[in-house]
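The exercises below ask you to work through selected features, each with a solution set out step by step. Try each task on the sequence and coordinates before reading on.

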Amino acid sequence: EEESEEEEEEEEEDASDAEMVSEQEAGSDAEEASEVGDEEEADAEDDEAEEDDDDGEEDAPPDDGDSAISSDEEDEGTGGTVTDPYMLHTAFNISPGMLEALAAEPVSVEGKAMPFGSLGNIYVELPKQTTMMRMESKGIVQRERYATPGSLPVVPDARSSEIDWSGLHVKDKIVRNITETPNAMQREMFAILNNYQDLLFTGRTLENGDQLRFAYCLHALNHLVKAVTKIQHHNLKLAAAQPAPSKKSRRNRRKKEKEVVEPELAVAEYRDQGLVRPKVLIVVPFRQSALKIVNQLKELFAGDNAKAVTNYKRFVEEYGGEDTLYFPQINRKPEDYEQTFAGNIDDNFRIGIAFNRSSMKLYTRYYASDLIIASPLGLRMTIGAEGETDRDYDFLSSIELLIVDQAEVCYAQNWDHLLHLFEHLHLQPKSAENTDFSRVRDWCLNGWTKFYRQTVFLSSLELPEYRSLFNKHFQNYRGKIRTVNRVAHGSIRHVVVRVPQSFQRIEVTSLEGQSNARFSHFVSVILPQARSLSMARCLIYVPSYFDFVRLRNYFKKEEISFTQICEYTTDAKIARARDMFYHGSKHFLLYSERSHFFRRHRIKGIRHLIMYAPPVYPHFYPEMINLMANEFQNLKDGVDAASMTVTVLFTKYDSLYMSAILGTDRALTILQATKSVHRLTTDTK
C-alpha cells in the first residue's frame with residue numbers, strides 16, 4: 001500500500017511538471033505573438049488613467065491604425081540602428097566624459113552662430129566631452145552603448161512642399177490629423193524641437209503665436225504618444241511572460257518556491273519610466289492660453305472624434321467663456337493689449353491630462369497624468385514654500401519636456417514664481433508611493449534627469465533674466481540654442497511727438513551695486529532739477545516695483561508733492577491720482593510699469609517724463625512719450641509745448657533694454673561712448 005501511494009505521488013508530480021512546462025511554452029508563444037502583433041497588443045487601456053476618470057466615461061474604441069514601437073527601437077541595448085530622436089534621447093545613459101563636461105563649472109561647451117531660415121540667426125552650444133565616447137563593458141558579454149551627443153540642427157528644405165513625416169518619426173495617429181501643411185517657421189521650429197535640444201526663442205509675436213503653439217504641441221504630443229505606447233507595449237509583454245495561475249498541491253507550491261529560476265526563463269527587464277508619471281509640463285499665464293493648447297492637442301490627437309477626449313465639456317466651461325476684462329469701444333486700448341488679455345485671464349489654474357492609445361483624459365490627478373498645463377501661480381500654490389506642511393513637488397521629479405510660452409506675461413505676473421518652479425525640478429521624491437523602481441530608467445536613478453530634460457522658452461522679449469535661466473537651468477546634454485537676432489531700428493522709431501530725449505549713463509562697478517548707484521544718481525542729480533516749477537507735471541516711470549517702493553518711501557520722507565499709481569492701487573485711488581496730476585495739484589506722479597502693463601491707462605497732462613530705467617517692454621517707450629501730445633494736455637495751464645523733456649537713466653547692464661529701444665548698433669555706440677549724456681530728437685530717431 002505504501003508503495004502504491006508513493007507511485008501515485010510521483011505521477012502527480014510528473015503531471016504538474018508537464019503542466020508547468022506547457023504553461024511556460026504557452027507564455028513564450030504569447031510573448032512571440034506579442035512582438036509580431038504590436039497593433040493588437042497596444043489596444044489595452046491605461047489602468048491608471050481609468051481610475052482617475054472623474055465622470056466614469058469609457059474610452060473611445062481602440063485605434064488599430066497606429067503602430068507600436070518598431071523592432072529596432074524596441075531593442076535598445078542590442079546595438080541595432082536607432083534612428084528615432086525620442087529613442088536616441090532617452091534610451092541610453094550619458095557617457096562619463098559627457099557627465100564630466102556637464103558637471104563642470106562652468107559647463108564645457110562649443111558654441112557656433114549660424115543662420116536658421118525664418119528664425120533668423122541662432123547660437124548653438126554643445127557640451128564638449130573630455131574623452132571620446134566609446135562602448136564600455138556592461139556585464140560579462142554585453143557592452144554599454146552611450147547616448148549620442150547633440151549636433152547642429154539642420155534647416156528643413158523650404159523648397160519641398162511635401163513633408164516626410166515618417167522620416168521625422170511623427171506617429172501616424174498624429175499625422176492623419178494634420179489638416180494644413182506647416183509653414184517655414186513651423187518646420188524650422190519643429191526641426192529644433194525634434195532634435196531634443198533646449199531652445200530660448202525671443203521672436204514670439206501676436207501674429208506667430210498660433211504657429212509656434214502648433215509646433216510645440218506637435219512635438220509634445222509626439223513625445224507623449226511614443227512614451228505611453230512604449231510603456232503599454234512593455235506592460236503587455238510582461239503580462240504575457242507571466243505563467244497563468246493554476247491549482248497545485250501545497251507540496252508542489254512549496255517546491256516551486258524553493259526552485260532557482262533558470263536565466264533563460266527569467267522575466268525581461270524594461271526600463272521605460274521615470275520616478276513619477278508626469279512627463280511634460282507646459283507653463284502659460286492664463287486659462288485662455290491653456291484652452292488654446294488643449295484645443296490644439298485635441299485636434300492633433302483625436303481629429304473629429306470628440307468621444308476620444310473625456311471631460312472636455314467641463315473644461316470648456318471652466319477655461320472658456322466671455323472676456324474677463326471689459327474693453328471700451330471709445331478710446332480703445334492698444335491692439336496688443338486687447339489680444340493679450342482676451343478671453344479668460346484667470347492666472348491660478350493647473351490641469352492634468354492622461355493619454356493612452358485611444359483616449360485623452362482631462363482632469364486627472366498629478367500622479368496619474370502624462371501632461372500638466374499650469375500657470376506659474378498655480379504651480380507655486382501646489383509647490384508651496386519651505387515650512388508649509390501641505391506642499392507637494394514630487395510630481396516635478398521626472399519632467400522630460402518643459403515648455404514656457406508667453407514668458408513676457410509670466411514676467412509681468414511674478415517672475416519669482418517661475419524661478420521657484422525651476423528650483424524644484426528633479427528633486428528626490430519624498431515618497432515612493434507612485435514609483436515602480438523595476439521600470440525606472442537608469443539615468444533617473446542616477447539623478448541625471450535634469451541633463452535629459454528639454455526646455456523650450458518662448459517670449460517676445462530678450463531679457464537678462466532669460467539669459468540667466470538659459471545659462472543656469474538649461475542643462476540638456478544634447479545642447480541648447482538661443483536666437484541672436486539684431487534689432488535694426490528699435491521702438492524709438494514709433495515716437496511721433498517732437499520732444500528731446502536725453503539718455504544719461506550711470507557709472508556702476510558691479511551688478512549688485514546697480515540699484516544703489518541709480519538711486520543715488522537720481523536723488524543727487526535728477527531730482528533737484530525736477531523739483532523746480534518749470535518741471536511741473538513730471539511723471540516718473542519705474543519698471544521695478546522694488547525701486548518704486550524705495551522712491552515712494554523717500555518722497556514721503558522728504559514731503560515731496562507727489563501721487564502714485566502702481567499695480568496694487570484701487571480704481572478709485574487711480575482716478576483720484578490721475579485727476580490731481582492732470583490739474584497740477586501734485587508735482588510728481590510715480591507710475592509703475594506693471595500697472596501700465598495690466599491697465600494701459602492713458603495718463604493725461606504729462607509735460608516731463610523721467611524713466612528711472614529703460615522700460616522692460618520696449619513698445620512702452622514710444623507709447624508713454626506719445627501721451628505727451630497736445631491732445632492729452634491741459635491747455636489751460638499755459639505751459640509751452642517746447643519745454644517738454646524726456647530723460648532716461650541707464651547703466652551698462654541695461655544693454656538688452658537699450659537695444660530694443662534704440663536698435664543694436666545705436667545702443668552699442670551709446671554704451672561704449674566716453675560721454676555719459678546723449679540727446680536724441682524725433683527728427684534723428
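**Exercise 1. Cysteines**

Does C566 count as buried or exposed?

Solution. The model is a predicted one, and the first step is to take the relative accessibility of C566, which is 4%. Buried means under 20% relative accessible area, so C566 counts as buried at 4% relative accessibility.

**Exercise 2. The surroundings of M360**

Locate M360 in the secondary structure, classify its accessibility, and list its contacts beyond four places in sequence.

Solution. Begin with the strand: M360 belongs to β9, which covers residues 360-362. Next, because its relative accessibility is 0%, M360 counts as buried. Then collect the contacts, leaving aside neighbours within four places in sequence: they are V294, L297, K298, F301, A308, V309, T310, I353, A354 and F355. Finally, compare sequence with space, where M360 and A302, 58 residues apart along the chain, have C-alpha atoms 8.1 Å apart.

**Exercise 3. Helices α15 and α18**

Describe how helix α15 packs against helix α18, giving the angle and the axis separation, and then the handedness of the crossing.

Solution. First, α15 (residues 407-423) and α18 (residues 464-473) pack at an angle of about 30°, and their axes are 12 Å apart. Angles under 35 degrees count as roughly parallel, and α15 and α18 are therefore roughly parallel to each other. The crossing of α15 with α18 is left-handed. On the side of α15 the contact involves A407, E408, Y411, W415, L419 and F422, and on the side of α18 it involves E465, Y466, L469 and H473.

**Exercise 4. Helices α24 and α25**

Repeat the analysis for helix α24 and helix α25, starting from the angle between them.

Solution. Helix α24 (residues 655-662) packs against helix α25 (residues 664-672) at an angle of about 130°, with the axes 7 Å apart, which makes α24 oblique to α25. Their crossing is right-handed. The contact is formed by S655, M658, S659 and L662 from α24, together with T664, R666, A667, I670 and L671 from α25. Of the residues in this contact of α24 with α25, five are nonpolar, three polar and one charged.

Conventions:
Residues are numbered from 1 along each chain as its sequence is written. This is a predicted model: local features need pLDDT of at least 70, side-chain atom pairs count only at pLDDT 80 or more; totals for chains, interfaces and linings use all residues. Side-chain values use heavy atoms; hydrogens and water are left out. Helices (H or I, at least four residues) and strands (E, at least two) are DSSP runs, numbered from the N terminus. Buried means under 20% relative accessible area, exposed over 50%, partly exposed in between (1.4 Å probe, protein chains only). Contact means heavy atoms within 4.5 Å. Axes are lines fitted to C-alpha atoms, for helices over the stretch in contact, and angles run from 0 to 180 degrees between N-to-C directions. Angles under 35 degrees count as roughly parallel, over 145 as roughly antiparallel, 65 to 115 as roughly perpendicular and the rest as oblique. A crossing is left-handed if the near helix is turned anticlockwise from the far one by less than a right angle, and right-handed if clockwise. Ala, Val, Leu, Ile, Met, Phe, Trp, Tyr, Cys and Pro count as nonpolar, Asp, Glu, Lys and Arg as charged, and the others, Gly among them, as polar.
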